[in-house]
Amino acid sequence: MHDASTGSDSSTGNTARPSRRAVLAATAGLTAALAVPTAAHAATPGEDHRLRALISRMTLEEKVGQLFVMRVYGASATDPDQADIDANLKEIGVRTAAELIAKYRVGGIIYFAWAHNTHDPRQIAGLSDGIQRASLAQPRGLPVLIATDQEHGAVCRVGKPATLFPGAMAIGAGGSRADAHTLGRVSGTELRAMGINQDYSPDSDVNVNPANPVIGVRSFGADPDAVAALVAAEVKGYQAARVAATAKHFPGHGDTATDSHTGLPVITHSRELWEKLDAVPFRAAIAAGIDSVMTAHIQFPALDDSGDPATLSHPILTGILRGELGYDGVVITDSLGMEGVRVKYGDDRVPVLALKAGVDQLLNPPSLDVAYNAVLKAVQNGELTESRLDESILRILRLKARLGLFDDPRAGRTDLGRVGTPAHLATADRIAARTTTLLVNEDHTLPFSPSAQPRVLVVGADPASPSATDGPPTAVLAAALTELGFTATALSTGTAPSAAAIAKAVAAAQNADAVVVATYNVTAGSAQTALVRRLLATGRPVAALAVRNPYDVAQYPAVKACLASYGWTDVEVRAAARVIAGDVPPRGTLPVPVQRADDPTQVLYPIGYGLTY
């Protein structure tokens with residue numbers, strides 16, 4: 001693994017970072033004129049004049065590059081590991097992030113854990129500074145939007161020691177706008193300290209389909225007004241930390257049974273239903289001054305019957321988002337490597353059609369060379385005008401100006417001590433304590449008591465950590481219960497337990513006084529239901545904890561105690577342990593309805609349902 005301290009862009013000395021003087025020189029005196037406007041996308045005539053002057057000095061090739069946000073492998077902008085160099089050469093045709101910027105002049109970089117961008121705060125800050133320095137060193141160099149998907153919960157690219165919060169549906173169960181704002185502010189503060197200035201969050205979809213394979217717990221819930229309030233609050237929190245927030249996935253990805261990573265979902269909502277359901281959080285985000293809106297690779301025939309995905313739809317992006325909703329900020333595509341946007345057109349047509357539809361930023365194309373040259377050719381042959389590119393670049397530069405990147409785009413090295421502080425971690429735990437939802441508690445099965453049930457067996461699913469830095473949940477849950485006075489042991493049985501694993505769990509339960517079983521997205525016929533049935537047959541008290549979708553509770557009606565944590569990260573699991581132990585009462589309520597497993601037309605537990613003790 002690369003030691004970030006050996007990379008030149010990871011040095012803590014001023015010589016290894018873009019100095020304030022260099023930034024000011026590179027941006028031709030913009031700083032004084034580009035004070036942060038109070039309105040979301042406002043810019044004074046003088047500010048716009050200066051930005052337009054910058055654009056007028058750019059070459060066509062530089063303009064095309066400014067539209068792209070690209071992945072790149074490596075923990076350092078100039079000195080990544082050889083394996084990352086090899087991956088970059090294979091996928092992008094460059095060795096490093098610095099070479100990527102020099103060749104394509106990209107306006108943005110997206111960080112991923114799997115691309116080895118996010119090892120630890122100091123390394124991330126070094127990478128960010130190296131990227132900014134590489135860009136500012138170019139002729140007419142501009143600061144870079146450095147982005148990631150830090151939704152928290154199920155999607156999290158930056159892991160420990162950064163503060164990890166409960167995911168959106170857990171926040172929905174807590175129902176506190178103050179908590180959503182705090183999440184955005186604290187998370188944004190930590191991201192900005194590491195040089196990340198744009199977050200592709202919050203998810204603004206209204207999840208009304210329990211079978212949704214791609215959104216689910218990433219959504220705040222199924223009530224559009226409740227989702228809208230939490231979206232707006234989180235947006236304001238991120239903006240307080242000077243990090244750009246992103247509402248996604250427009251025009252709404254909450255009612256699909258197809259994953260747009262692997263196919264093209266079709267949303268069958270009427271225009272009237274869209275107005276009442278899907279549009280509500282996006283309107284709230286726009287009213288809150290959202291910095292960017294991410295498009296969805298979905299067909300929405302009631303909004304555009306052409307068969308094109310929304311990402312490529314002029315009626316949806318220009319007609320509705322910009323025209324009807326009045327949004328004039330940055331529009332960014334979801335990843336152009338996803339199948340949902342590639343099924344109808346080739347990779348050379350997708351970026352051109354997206355720009356014609358009204359997009360500003362083109363995210364992560366499978367081949368940057370193909371996409372970049374396709375846009376360049378489209379301008380040269382007249383399919384796209386250079387003035388059309390200028391419109392998007394002006395929006396992008398306005399965003400960079402509002403974030404203060406023309407002033408100083410560096411990571412806040414002096415602020416790295418604010419990443420994962422005890423106060424931030426305690427805040428995440430306090431928020432999580434308000435989210436765990438108790439759905440069933442027959443015969444007062446819960447809370448378990450260290451005196452009455454000293455030996456607790458924790459079994460069940462151990463899905464991979466979203467950030468690769470916490471878990472596994474059964475072990476975390478057992479450790480938390482042990483800290484609360486129990487003698488707890490963990491036995492992982494997986495999401496599809498074998499007969500042997502079930503038998504081992506049943507045998508272990510014989511030596512326990514109580515059992516907690518963690519379930520993960522249980523469906524009819526799942527082996528997890530067989531595990532639950534066999535554990536119930538032991539006669540031991542059993543509490544089932546749904547560690548992702550709360551809909552699991554409908555699949556095991558015989559269980560006398562069921563809870564939902566809406567996530568399997570440490571902060572969510574620890575909160576559930578405290579409820580199970582009676583250390584805190586359950587305070588969360590369902591942000592989505594749970595239907596009967598045998599008759600989905602019947603609601604088993606409605607929105608707002610939740611027990612306590």
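This talk walks through selected local features of one predicted protein model.

Two ground rules before we start. The model is predicted, so residues are numbered from 1 along each chain as its sequence is written, and side-chain values use heavy atoms, with hydrogens and water left out. Local features need pLDDT of at least 70, and side-chain atom pairs count only at pLDDT 80 or more, while totals for chains, interfaces and linings use all residues.

Let's begin with helix packing. Helices (H or I, at least four residues) and strands (E, at least two) are DSSP runs, numbered from the N terminus. Two packed helices are described by the angle between their axes and the distance between the axes. Axes here are lines fitted to C-alpha atoms, for helices over the stretch in contact, and angles run from 0 to 180 degrees between N-to-C directions.

Look at helix α9, residues 177-193, and helix α10, residues 224-240. Their axes are 7 Å apart, at an angle of about 30 degrees. That makes α9 roughly parallel to α10. The cut-offs: angles under 35 degrees count as roughly parallel, over 145 as roughly antiparallel, 65 to 115 as roughly perpendicular, and the rest as oblique. The crossing of α9 and α10 is right-handed. In general, a crossing is left-handed if the near helix is turned anticlockwise from the far one by less than a right angle, and right-handed if clockwise. On the α9 side, the contact (heavy atoms within 4.5 Å) involves residues including R177, A180, H181 and L191. On the α10 side, A229, L230 and Y238 are among them.

Now the second pair. Helix α18 covers residues 473-483, and helix α21 covers residues 570-580. Their axes come within 9 Å and cross at roughly 45 degrees. That makes α18 oblique to α21. The crossing here is right-handed. From α18, the contact is made by P473, V476, L477, A480 and L481. From α21, the partners are D570, V573, R574, A577 and I580.

Next, the aromatic rings. A pair of aromatic rings is described by the distance of the centres and the angle of the planes. Rings of Phe, Tyr and Trp (its six-membered ring) pair if their centres lie within 6.5 Å; planes under 30 degrees apart count as stacked, over 60 as edge-to-face and the rest as tilted. How many aromatic pairs does that rule give? The count comes to eight.

Take F68 and Y372. This pair is tilted, with 6.5 Å centre to centre and 40 degrees between the planes. F68 lies in strand β1 (residues 68-70) and Y372 in helix α15 (residues 368-380), so the pair ties together parts that are 304 residues apart in sequence. Both F68 and Y372 are buried. Buried means under 20% relative accessible area, exposed over 50%, and partly exposed in between (1.4 Å probe, protein chains only). F68 and Y372 also form one aromatic cluster with Y104.

Compare F112 and W114. Their ring centres are 4.5 Å apart and their planes are at 20 degrees, so this pair is stacked. F112 is buried, at 8% relative accessible area. W114 is partly exposed, at 44%.

On to single residues. E151 sits in strand β4, residues 150-152. Is E151 buried or exposed? At 6% relative accessibility, E151 counts as buried. Its side chain makes a polar contact with the side chain of K248, at 2.7 Å. A polar contact is a pair of N or O atoms within 3.5 Å; within protein, one must be able to donate a hydrogen and the other to accept it, and residues adjacent in sequence count only if both atoms are side-chain atoms. Setting aside neighbours within four places in sequence, E151 is in contact with Y200, S201, R218 and K248.

R95 is in the loop between α5 (82-91) and α6 (97-104). R95 is partly exposed, at 38% relative accessibility. Leaving out neighbours within four places in sequence, R95 touches P80, D84, I85, N88 and L89 by the contact rule.

Last, the backbone. Where are the cis peptide bonds? One joins K160 and P161, with omega about 10 degrees. Another joins L446 and P447, with omega about 0 degrees. P447 is in the loop between β11 (437-441) and β12 (455-460).

H444 is in the loop between β11 and β12. H444 has a positive phi of about 55 degrees although it is not a glycine. H444 is exposed, at 72% relative accessible area. N364 also has a positive phi of about 55 degrees, and is not a glycine. N364, though, is buried, at 8%.
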